[in-house]
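Please read the sequence and the 3D structure side by side. The explanation below starts with one chain and then turns to its contact with another.

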Amino acid sequence: MADVFRKMGSMAINGIWQLGFIARFFWLILVYSGQSFTRIHLTLRELYFSGVMSLLIILVSGLFVGLVLGLQGYETLQRYGASDSLGTLVALSLVRELGPVVAGLLFASRAGSAVTAEIGLMKVTEQLKAMDMMAVSPIARVVAPRFWGGVISMPLLAALFSAMGVFGGWLIGVVVIGVDDGAFWAQMQDAVDFRYDVLNGVIKSAVFGVAVALIAVFEGYDCVPTAEGVSRAITRTVVSSALAILALDFVMTSFMFRG
Amino acid sequence: MSEPLVRLENVRFAYGERAILRGISLSIPRGKVVAIMGGSGCGKTTLLRLIGGQERAVGGRVTVDGQDVAKLGRDALYALRRRMGMLFQFGALFTDMSVFDNVAFPLREHTDLPAELINDLVMMKLHAVGLRGAAKLMPGELSGGMARRVALARTIALDPMLLMYDEPFTGLDPISLGVIGQLIRRLNDALGASSVIVTHDIQESLQIVDYIYFISEGRVVAEGTPDEIRNSADPFVSQFVHAQADGPVPFHYPAGDYATALVGGAG
Ligand SMILES: Nc1ncnc2c1ncn2[C@@H]1O[C@H](COP(=O)(O)OP(=O)(O)OP(=O)(O)O)[C@@H](O)[C@H]1O
Ligand SMILES: [Mg+2]
């Protein structure tokens with residue numbers, strides 16, 4: 001029995017240490033972020049690798065999620081004779097929840113894992129040490145641009161995901177099933193509030209962007225410099241990002257949408 | 001005789017519990033090329049890390065150009081490192097950049113030189129290591145020896161005052177080996193720099209260096225000029241010079257009894 005408590009206690013202490021490390025690391029990234037903007041090509045390159053390279057999976061997934069939402073939404077709404085509200089249902093679910101959350105999960109597995117792997121391998125091959133020895137800070141030169149690349153691309157990807165989803169819902173509802181086109185868009189415009197729904201969605205996706213980007217660069221930088229260490233770090237990036245996104249989503253939703 | 005550029009006084013260092021260096025004193029005089037030799041795993045790379053300030057000694061003092069490395073703050077340490085060049089044992093080329101960009105990296109980070117001038121400087125450095133034609137290749141497309149020569153070109157890009165080479169000769173064919181050896185010597189003399197070479201290649205070192213230190217079990221066990229080394233009767237030195245497996249330098253990492261390990265399992 002005492003053993004169990006001891007284990008739990010040491011896990012808690014470890015967790016707090018880890019949080020402390022991440023917080024300190026976050027602070028360092030902010031301190032060394034100057035170059036990410038004065039030498040913008042460094043960040044643009046990462047924006048390309050994190051953002052542009054994730055476009056395809058985000059767009060395709062958004063479309064499919066929208067198609068399913070259209071089907072399921074219509075199926076339920078028409079029982080109550082409310083199939084004209086399909087546009088509202090699709091748009092609100094996407095903008096408030098599915099857009100930021102699903103795009104965040106996809107982003108973590110597509111871009112976050114790649115960032116962790118890249119930084120981790122640079123550590124294994126002593127590139128970070130060599131850079132440090134050349135009096136170039138690896139945090140300023142390698143970590144910060146990747147962090148900002150992730151932070152900037154995440155809200156944009158979430159927005160594209162939502163847009164694609166709405167298009168998918170429209171495709172199924174209006175084109176395939178035959179819901180009234182005018183009603184679909186008009187009800188949507190009436191029901192979706194810019195500040196309440198869209199802005200809150202954007203805030204969510206921005207927070208997820210910071211969380212995923214921070215976890216990804218931290219895990220890479222902190223990994224044990226071996227092949228096994230890197231592979232563990234990648235796994236941790238995907239798992240921790242997913243948990244962070246879902247937990248943060250719950251917290252933010254409970255503050256943002258209380259009816 | 002002026003103050004040496006680098007001076008280690010009774011330096012001790014340990015990774016966790018394992019003592020690696022147990023009181024090393026040596027100095028690298030200005031303008032000289034010094035070789036450090038010792039068995040694999042005896043702490044040569046660690047020694048270079050201590051000089052570069054990447055590790056801090058547990059005891060003793062490391063001074064470079066009169067400054068105590070362990071006491072420097074980040075900015076002062078970075079200012080000092082700009083005047084140092086370190087060739088890493090495994091090259092450590094940036095794999096996301098071409099050979100050209102790798103060599104240009106320190107120039108671009110630390111100077112505001114125009115692109116044409118950087119181009120000329122990079123080409124000169126690459127020419128010196130015989131790889132001007134490889135400028136456009138990516139590190140993945142190089143052989144081990146080529147990668148090391150590119151790393152060498154990058155190390156010397158900023159014409160540093162202190163050059164540290166961690167095993168520059170490994171993986172080189174005899175021709176490149178001779179050329180690189182001469183290059184290290186000429187660079188040192190042309191720049192008025194000082195150099196440390198960590199190497200196992202005693203024959204090559206005897207030809208190009210001014211002074212040699214032998215390290216074993218965390219201490220300096222022998223030292224001398226190449227002439228003194230050639231004529232030395234010291235068992236350490238002759239084991240190295242004549243490449244004998246048996247002698248005072250242990251070939252084996254510390255371990256238990258061999259027979260027990262074979263019969264009874266490692267535990
Ligand atoms: N990060 C580390 N953590 C723990 N021990 C280490 C670490 N790096 C090196 N060591 C140990 O320190 C000792 C010295 O390592 P070092 O790399 O300095 O050896 P070396 O003299 O350069 O050897 P080689 O000639 O094979 O390159 C080795 O025995 C190694 O096991
Ligand atoms: Mg070594």
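This is a predicted model: local features need pLDDT of at least 70, side-chain atom pairs count only at pLDDT 80 or more; totals for chains, interfaces and linings use all residues.

Residues are numbered from 1 along each chain as its sequence is written, chains are lettered from A and ligands numbered from 1 in the order in which they are written, and side-chain values use heavy atoms, with hydrogens and water left out.

Chain A has ten helices and zero strands, where helices (H or I, at least four residues) and strands (E, at least two) are DSSP runs numbered from the N terminus. Its pattern along the sequence is accordingly written α-α-α-α-α-α-α-α-α-α. Taken along the principal axes, the C-alpha atoms of chain A fill a box of roughly 65 × 55 × 30 Å. Contact means heavy atoms within 4.5 Å; among contacts in chain A between residues at least 6 apart in sequence, 83% join residues at least 24 apart. Separation in sequence can also go with separation in space: Gly182(A) and Arg236(A) are 54 residues apart along the chain and 47 Å apart from C-alpha to C-alpha. Gly182(A) lies in helix H8 (residues 181-191) of chain A.

The surface of chain A can be described by area. Accessible areas come from the Shrake-Rupley method with a 1.4 Å probe, and for residues only the protein chains shown count as cover. The accessible surface of chain A comes to about 12,700 Å², and 71% of this belongs to carbon and sulfur atoms. Buried means under 20% relative accessible area, exposed over 50%, and partly exposed in between (1.4 Å probe, protein chains only). Of the 259 residues of chain A, 45% count as buried. Gly182(A) has a relative accessible area of 43% and is therefore partly exposed.

Phe37(A), Ile40(A), Leu44(A), Ile152(A) and Leu156(A) make a nonpolar surface patch of about 440 Å². Patches are made of residues with over 30% relative accessible area and no salt bridge, with like charges joined within 9 Å and nonpolar side chains (Val, Leu, Ile, Met, Phe, Trp, Tyr) within 5 Å. Ile152(A) belongs to helix H7 and counts as partly exposed because its relative accessibility is 33%.

Next come the charged pairs. A salt bridge is a side-chain nitrogen of Lys or Arg within 4 Å of a carboxyl oxygen of Asp or Glu, and the whole structure holds 26 of them over all chains. In one of these, the side chains of Asp3(A) and Arg6(A) meet at 3.4 Å, N to O. Both residues lie in helix H1 (residues 2-31) of chain A, three residues apart, about one turn of the helix, and both are exposed. Arg79(A) and Glu75(A) form another salt bridge at 3.3 Å, N to O. Here Arg79(A) is exposed, with a relative accessible area of 58%, whereas Glu75(A), at 38%, counts as partly exposed.

How many salt bridges are counted between chain A and chain B? The count is five. One of them joins Arg49(B) and Glu126(A) at 2.6 Å, N to O. This pair runs from helix H1 (residues 44-52) of chain B to the loop between helix H5 (86-124) and H6 of chain A. Arg49(B) is buried, with a relative accessible area of 8%, and Glu126(A) counts as buried at 18%. Elsewhere, a network of salt bridges links Arg45(A), Glu46(A), Glu118(A), Arg146(A) and Asp96(B).

For the interface as a whole, 20 residues of chain A are in contact with 23 residues of chain B. The two chains bury about 1,900 Å² between them, 55% of it on carbon and sulfur atoms; buried area is the accessible area (1.4 Å probe) that two parts lose on being put together, summed over both. Eleven residue pairs between chain A and chain B are in polar contact, both at pLDDT 80 or more. Helix H6 (127-133) and H7 of chain A each supply at least two residues of the side that touches chain B, and H6(A) gives the most, with six residues. A polar contact is a pair of N or O atoms within 3.5 Å; within protein, one must be able to donate a hydrogen and the other to accept it, and residues adjacent in sequence count only if both atoms are side-chain atoms.
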